[in-house]
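Thanks for passing this one along. Here are some notes to read beside the model, in numbered points.

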Amino acid sequence: MTFEEAVKRLEEIVKELESDDLTLEKSLALFEEGVALSKTCQELLEGAEGAIEKLAGGRVEPFEETEGEA
Amino acid sequence: MAVLSVSELNRTVRLILESDPLLQEVAVRGELSNVHLHSSGHVYFSLRDERASVRAVMFRSRAEHLAFRPENGQDVLCQGRVSLFERDGAYQIYVDTMEPAGVGAQYLALVQLRERLEKEGLFAAERKRALPLLPHRIGVVTSPTGAAVRDIITVARRRHPGVSLLIAPVLVQGAGAPDSIVGALGELAQRDDIDLVIIGRGGGSKEDLGAFNDERVVRAVATFPVPTVAAVGHEVDLTLVDFAADRRAATPSAAAELAVPVTRELLTQVGALAGALLRSERLRILRRREALLALTNRRVFLRPMTLIEPHQALLARLEEAMSRAAVERLLTTKGHVLAVIGRLEGLSPLATLRRGYAIVEVGGRPARRARDLGIGQRVRTTLAEGTFGSVVEDVQE
């Protein structure tokens with residue numbers, strides 16, 4: 001799931017939860033989904049440091065940042 | 001004979017020059033020299049041939065429409081008007097348009113290619129795609145050496161440390177450049193883990209931009225499967241790749257800024273949504289609780305368990321959600337999200353348990369329906385403080 005999709009779904013859930021005609025079961029399911037989505041979003045934003053790599057003859061290799069200084 | 005001041009003399013000569021219709025619409029061909037691209041955007045230069053030279057100026061309002069970067073030695077055709085700069089007593093050409101004359105055929109071919117691709121709709125505004133809000137992995141098509149790639153890495157990481165970059169090293173100038181760039185784009189296009197591509201070249205004003213006007217390169221950019229950001233041209237020398245890309249930036253750093261959001265800002269947005277989520281759910285639970293209290297106060301219900309049961313299920317499921325490592329982590333991380341997510345604690349089932357509710361578990365799972373229980377089955381009941389085991393004696397559905 002992309003960040004956009006997660007945020008969009010989260011927005012839908014908040015909107016749905018704010019409406020009155022929801023069963024308890026349904027609202028709880030939505031709430032749980034929302035909590036999970038918040039977590040997904042947060043992980044995407046604060047996740048591990050990304051890799052800097054390069055294509056080398058069809059393979060992917062680490063890109064040494066000193067390479068850029070040549 | 002009347003004695004004139006210098007100012008009067010210069011003004012008189014200027015007026016004479018400006019009153020000559022021939023001089024007010026001239027086309028002059030010559031070689032550029034003393035080119036000075038002023039920070040104001042005005043371009044100052046001389047035009048010369050073997051025997052003579054004349055000063056010229058192109059003001060920003062005109063210069064910003066230049067399709068190329070003027071450089072010393074270029075053979076150009078200028079159109080404009082002749083006047084005198086009174087302060088220096090120097091006559092000069094005020095240039096409206098300037099085209100390369102020496103590379104006439106090549107320039108014409110470029111103009112024609114641009115018109116053809118434009119007609120085809122390759123540069124159309126409705127083709128432009130929005131960039132992903134939070135790119136996961138960005139392909140970077142540029143020279144692996146030089147400032148461009150370094151700037152992109154630095155800026156992208158500073159804005160979003162989680163972003164991954166996949167650099168596709170290419171030749172950005174010379175005869176082999178178009179093949180090299182088309183090949184790299186083709187390789188990136190086949191991957192499914194790239195959600196954005198930056199195509200750029202290093203700094204330096206003398207670089208040959210030919211590769212970024214090559215039809216195959218332009219088409220590869222225009223039809224690339226994911227959004228593209230070009231960081232090829234500068235203010236005055238846009239290339240066709242700049243037109244073909246979904247967005248263009250003046251520098252590689254600016255391209256990285258366009259491509260990568262500042263995660264702090266997005267965290268705030270997510271935090272606000274999480275806050276709204278909690279508020280709505282808490283409100284709902286309060287409403288349910290009031291409804292339940294209203295019922296219990298009437299003392300008319302025959303089977304109290306059927307009324308309480310859904311709420312026990314609610315508690316159980318809330319606790320389940322709360323105890324997940326996911327939520328735990330959410331609660332213990334820093335930042336905006338934490339502040340809002342922290343309100344989850346207000347929803348803690350423990351708070352509810354303290355009011356006298358209990359959670360019944362069978363085999364480690366919360367019991368939701370009485371009919372799922374068997375007589376003689378062992379169940380565990382959690383109170384606000386401590387738990388106890390018991391055996392089911394009877395079941396009423």
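**Notes on the two chains**

1. Let me begin with chain A, which has 2 helices and 2 strands. Helices (H or I, at least four residues) and strands (E, at least two) are DSSP runs, numbered from the N terminus. Along the sequence, the pattern of chain A reads α-α-β-β.

2. A word on conventions. This is a predicted model, in which local features need pLDDT of at least 70 and side-chain atom pairs count only at pLDDT 80 or more, while totals for chains, interfaces and linings use all residues. Residues are numbered from 1 along each chain as its sequence is written, chains are lettered from A and ligands numbered from 1 in the order in which they are written, and side-chain values use heavy atoms, with hydrogens and water left out.

3. On confidence, chain A has an average pLDDT (the predictor's confidence in each residue, from 0 to 100) of 79, and 87% of its residues score at least 70. Within chain A, helix α2 (residues 24–46) has the lowest confidence, at a mean of 80, and strand β1 (residues 52–56) has the highest, at 90.

4. Next, burial and surface. Of the 70 residues of chain A, 40% count as buried; here buried means under 20% relative accessible area, exposed over 50%, and partly exposed in between (1.4 Å probe, protein chains only). For chain B, buried residues make up 41% of its 397 residues. The accessible surface (Shrake-Rupley method, 1.4 Å probe; for residues, only the protein chains shown count as cover) is about 3,700 Å² for chain A, with 49% belonging to carbon and sulfur atoms. Chain B has about 21,200 Å², of which 53% belongs to carbon and sulfur atoms.

5. Do have a look at helix α1 of chain A. This helix (residues 3–18) has 16 residues and reaches 23 Å from its first C-alpha to its last, close to the 22 Å expected at 1.5 Å a residue; the expected span is 1.5 Å times one less than the number of residues. Its buried residues are A:Phe3, A:Ala6, A:Val7, A:Leu10, A:Ile13, A:Val14 and A:Leu17. Seen down the axis of α1(A), these fall within an arc of 120°, so they line one face of the helix; the arc is that of the directions from the helix axis to the C-beta atoms. A:Lys8 and A:Lys15 are exposed on the other side of α1(A).

6. Chain B has 13 helices and 14 strands. Contact means heavy atoms within 4.5 Å, and among the contacts in chain B with a separation of 6 or more, residues 24 or more positions apart account for 62%. For chain A, 38% of the contacts between residues at least 6 apart in sequence join residues at least 24 apart.

7. Which elements cover the buried residues of α5(B)? The cover includes β1 of chain A together with β6 (137–142), β7, β8 (196–200) and α6 (215–222) of chain B. The buried residues of α5(B) include B:Ala177, B:Ile181 and B:Leu188. The 13 residues of α5(B) should span 18 Å at 1.5 Å a residue, and its end C-alpha atoms are 18 Å apart, which agrees.

8. B:Val172 is buried, with a relative accessible area of 8%. The C-alpha atoms of B:Val172 and B:Ile199 are separated by 9.9 Å, with the two residues 27 apart along the chain.

9. Two other sites in chain B may interest you. B:Thr239, in the loop between β9 (228–231) and α7 (240–244), is buried at a relative accessible area of 1%. Leaving aside neighbours within four places in sequence, B:Thr239 is in contact with B:Leu209, B:Phe212, B:Asn213 and B:Val232. B:Asn34 is not a glycine, yet has a positive phi of about 50°; this residue lies in strand β1 (residues 26–37) of chain B and counts as exposed, at 53% relative accessibility.

10. Finally, cysteines. With a disulfide taken as a pair of cysteine sulfur atoms within 2.5 Å, the count over all chains is 0. A:Cys41 is buried at a relative accessible area of 0%, and B:Cys78 is buried at 1%.
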